[in-house]
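Subject: Structure handover

Hi,

Here is the structure for you to look over. My notes follow below it.

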Amino acid sequence: QLQLVESGGGLVQPGGSLRLSCAASGFTLDYYAIGWFRQAPGKEREGVSCISSLDANTYYADSVKGRFTISRDSAKSTVYLQMNNLKPEDTAVYYCNVRFRSVDFWGQGTQVTVSS
């Protein structure tokens, strides 16, 4: 059974850091691109970052370049999103995603709130 579970969200002050985790099961993580998305209240879900199969390439939205880093730990079957220098506009529910056999699978999401 393919499953993605996000964790690591919370409340942080502007300029702080969080590391989100996306734990995968039911498939071999290395052979699939994994994406992080976020959705803030009243806004459409947007792509934040992704890592390609076999870690060949990474992508970052312009809004997070230089602040966020995506990585994969195959042994733990987990993809991480290290978020540094967080800003209030980063506040959103963060989701991880995998497209498996042309079907998108999503985790339940983890809330990130950046506020003083």
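First, a definition for the pocket: on a 1 Å grid over the protein atoms alone, a pocket is an open set of points where a 1.4 Å probe fits, with protein on both sides within 12 Å along at least five of seven lines, and its lining residues have an atom within 4 Å of a point. This is a predicted model: local features need pLDDT of at least 70, side-chain atom pairs count only at pLDDT 80 or more, and totals for chains, interfaces and linings use all residues. Residues are numbered from 1 along each chain as its sequence is written, and side-chain values use heavy atoms, with hydrogens and water left out.

The pocket

The largest pocket holds about 160 Å³ of space. That volume is the space filled by probe spheres set on the grid points, which are joined across faces, edges and corners. Its lining has 15 residues, and Ile34, Gly35, Phe37, Ser49 and Cys50 lie nearest the centre. By class, eight are nonpolar, six polar and one charged. Here Ala, Val, Leu, Ile, Met, Phe, Trp, Tyr, Cys and Pro count as nonpolar, Asp, Glu, Lys and Arg as charged, and the others, Gly among them, as polar.

Strands β4, β5 (46–51) and β9 each supply at least two residues of this lining. The largest share, five residues, comes from β5. Strands are DSSP runs of E, at least two residues long, numbered from the N terminus.

Strand β9

β9 covers residues 92–100; seven of its nine residues are buried, so the strand is largely enclosed by the rest of the structure. Buried means under 20% relative accessible area, exposed over 50%, and partly exposed in between (1.4 Å probe, protein chains only).

Which strands pair with β9? β4 (residues 34–39) does, antiparallel, over six bridges. Two strands pair if DSSP finds at least two bridges between them. Arginine 38 has tyrosine 94 of β9 as its bridge partner. β11 (residues 110–114) also pairs with β9, antiparallel, over three bridges. There, valine 93 is partnered by glutamine 111 of β11.

β10 (residues 103–106) pairs with β9 over four bridges, again antiparallel. Valine 98 stands opposite phenylalanine 105 of β10. β9 and β10 make a hairpin with two residues between them. In that turn, arginine 101 has a positive phi of about 55°.

Cysteines

There is one disulfide, a disulfide being a pair of cysteine sulfur atoms within 2.5 Å. Cysteine 22 is joined to cysteine 96, with S to S at 2.1 Å. The pair links distant parts of the chain: cysteine 22 sits in β3 (residues 18–25) and cysteine 96 in β9, 74 residues apart. The link is right-handed, with 70° about the S-S bond. Both cysteines are buried.

Cysteine 50 is partly exposed, at 29% relative accessible area.

The four-stranded sheet

Four strands form an open sheet in the order β1-β3-β8-β7, with antiparallel pairing. β1 (3–7) and β7 (68–73) are the edge strands, each pairing on one side only. β1 and β3 pair over five bridges. Glutamine 3 has serine 25 of β3 as its bridge partner.

Best wishes
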